[in-house]
Amino acid sequence: MEVEQKPNDLSTQKFPLPVDSEHKATVFRVHSFAPPHMRAFHISWISFFSCFVSTFAAPPLLPIIRDNLNLTSTDIGNAGIAAVSGAIFARVAMGTACDLFGPRLASSSLILLTAPAVFCSSISNSPVSFLLVRFFTGFSLATFVSTQFWMSSMFTARVVGTANGLAGGWGNLGGGATQLIMPLVFSVIRDIGATKFTAWRIAFFIPALFQTLSAYAVFFLGQDMPDGNYSKLHKSGERHKDNFPQVLYHAVTNYRGWILALTYGYCFGVELTVDNIIAQYFYDRFNVNLRTAGMIAASFGLANIFSRPGGGILSDAVAKRFGMRGRLWTLWMVQTIGGLLCVLLGKVGSLGASVAVMLVFSIFCQAACGLTFGVVPFVSRRSLGIISGMTGGGGNVGAVLTQVILFRGSRFSTETGITLMGIMILCCSLPILLIYFPQWGGMFHGPSSKGTTEEEYYMSEWSSTERDKGFHQASMKFADNSRSERGKRVESAPAPVDQGTPSPDV
């Protein structure tokens, strides 16, 4: 429900963008920096971008670091796994922190706390120290959760897929940009007169400084919600302090969140894996030089400038006509095609064909990430942060498992590992078929015949005592604004006359 901004309506007059009843923006204007909605968008993706640059600053310089620290293939594999494993629990914790303290404080704190690990990369002198700095730097990837939570708090259902896709995609762009940035910085420092074993160390100061500055930008320029920061809203009584055990319970008992965590493990998890292995893969298999390998690897991550946002935009577009069922079908199809392309990437044996297949694969892989977070905001209103954290953490779990099974040591050649990774994508996309929303339906079934409504679905997360105190009002507004998920071709139940006991099948 969009709120019409009348001259005497003080509650909405302060917002430069049109808003709904929750004061979430109903339009997305990417060229705008208007506070609080668009400013939050730009701050969030830039800070997430900086964390990606830091986390994947090492892979493009691995041929040099490998020689300096005498790293074996197992050492390199372990460090790559460490870089993405640290964020598994950090992402779940970040979701909880967002629910309780707000995305601004949660995000800026983590970015600032992990920046010293990036600085310490320059003094690594052994395989163990190299693994440790990559492990602690990787915690910063949990800012993805705060980015998605923040966008879901700022933009209404009709454009949330677009906002999440662009923020996540442009942040992930850091994984490709660092493949260009670090070799360039390394070359400049070496040309000035430093030896190559000194130049790579100095180069790490660039991502470290960038990450530090972005933390301060989030804290001083960001705002948690359209109406203010969590601390202000708690003091004024506009937002109650939620009961964490209840928030956690409604997250972990919602099977939809677990399925999305699994499937995200084999779109975003695959992206993280490729970021770790692809430069060295082209360097070793096709005998290209370091800079060329970096440019090829960068093209995979740089596709995020349009591919992941494209997934979010596509999710919103199909939802306008087919509702939630359209979002689910599109997610499954795109991720399945990505799996087939990954299988093909491992089979082709020429440089040109490998690059071409990799580029197309990157589009579908990253679009699936955007499509996933076109669904996530609707799984739970009360436990949005933890659901986002579970899904984001699933991405890192997928990356860790894939690298441990397929790319650690010499059990499989890299090209065989890539083919097997594609098969894993195909298998892990199948559970999407099981996701069902009683008020909207699933891939093969329409809405429940019992007439479950949006209000009943989201009110089921609140006890009668909590409803009596009015804690559920934000969920009621969200339910009203999420009616667009019925789509033009889906006939759902009308809004309930009262706010009674939720249907037991929700």
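**Asn276**

I looked up the side chain of Asn276 in this predicted model and found that a polar contact of 3.2 Å joins the side chains of Asn276 and Arg134. A polar contact here is a pair of N or O atoms within 3.5 Å; within protein, one must be able to donate a hydrogen and the other to accept it, and residues adjacent in sequence count only if both atoms are side-chain atoms. Asn276 sits in helix H14, residues 268–285, where helices (H or I, at least four residues) and strands (E, at least two) are DSSP runs numbered from the N terminus. I noted Asn276 as buried, with a relative accessible area of 7%; buried means under 20% relative accessible area, exposed over 50%, and partly exposed in between, with a 1.4 Å probe and protein chains only. Setting aside neighbours within four places in sequence, I listed Phe56, Pro59, Gly80, Val84, Arg134 and Gln403 as the residues in contact with Asn276, contact being heavy atoms within 4.5 Å.

**Conventions**

I kept in mind that residues are numbered from 1 along each chain as its sequence is written. For this predicted model, local features need pLDDT of at least 70 and side-chain atom pairs count only at pLDDT 80 or more, while totals for chains, interfaces and linings use all residues, and side-chain values use heavy atoms, with hydrogens and water left out.

**Salt bridges**

I searched the whole structure and found 11 salt bridges, each a side-chain nitrogen of Lys or Arg within 4 Å of a carboxyl oxygen of Asp or Glu. One of them joins the side chains of Glu22 and Lys24, at 3.7 Å from N to O, and both Glu22 and Lys24 are buried. Another joins Glu485 and Arg327 at 2.7 Å, N to O. Glu485 lies in the segment after helix H22 (473–481) and Arg327 in helix H16 (residues 307–347), so this pair ties together parts that are 158 residues apart in sequence. Both Glu485 and Arg327 are buried.

I then turned to Glu454, which forms a salt bridge with Arg483, the closest N and O atoms being 3.3 Å apart. Because Glu454 is in helix H20 (residues 454–459) and Arg483 in the segment after H22, the pair ties together parts 29 residues apart in sequence. Glu454 counts as buried, at 1% relative accessibility. Salt bridges with shared partners join Glu454, Glu455, Asp480, Arg483 and Arg486 into one network.

**Helix H2**

I checked the length of H2: at 1.5 Å a residue, its 19 residues (37–55) should span 27 Å, and its end C-alpha atoms are 27 Å apart, which agrees. The expected span is 1.5 Å times one less than the number of residues. H2 is mostly covered, with 17 of its 19 residues buried.

**Nonpolar patch**

On the surface I found a nonpolar patch formed by Phe101, Leu105, Leu112, Tyr216, Phe219, Phe220 and Leu221, with about 690 Å² of accessible area together. Helices H5 (103–120) and H10 (205–221) are the elements that give two or more residues to the patch, and H10 gives the largest share, four residues. Phe220 belongs to H10 and is exposed, with a relative accessible area of 59%. Patches are made of residues with over 30% relative accessible area and no salt bridge, like charges being joined within 9 Å and nonpolar side chains (Val, Leu, Ile, Met, Phe, Trp, Tyr) within 5 Å; accessible areas come from the Shrake-Rupley method with a 1.4 Å probe, and for residues only the protein chains shown count as cover.
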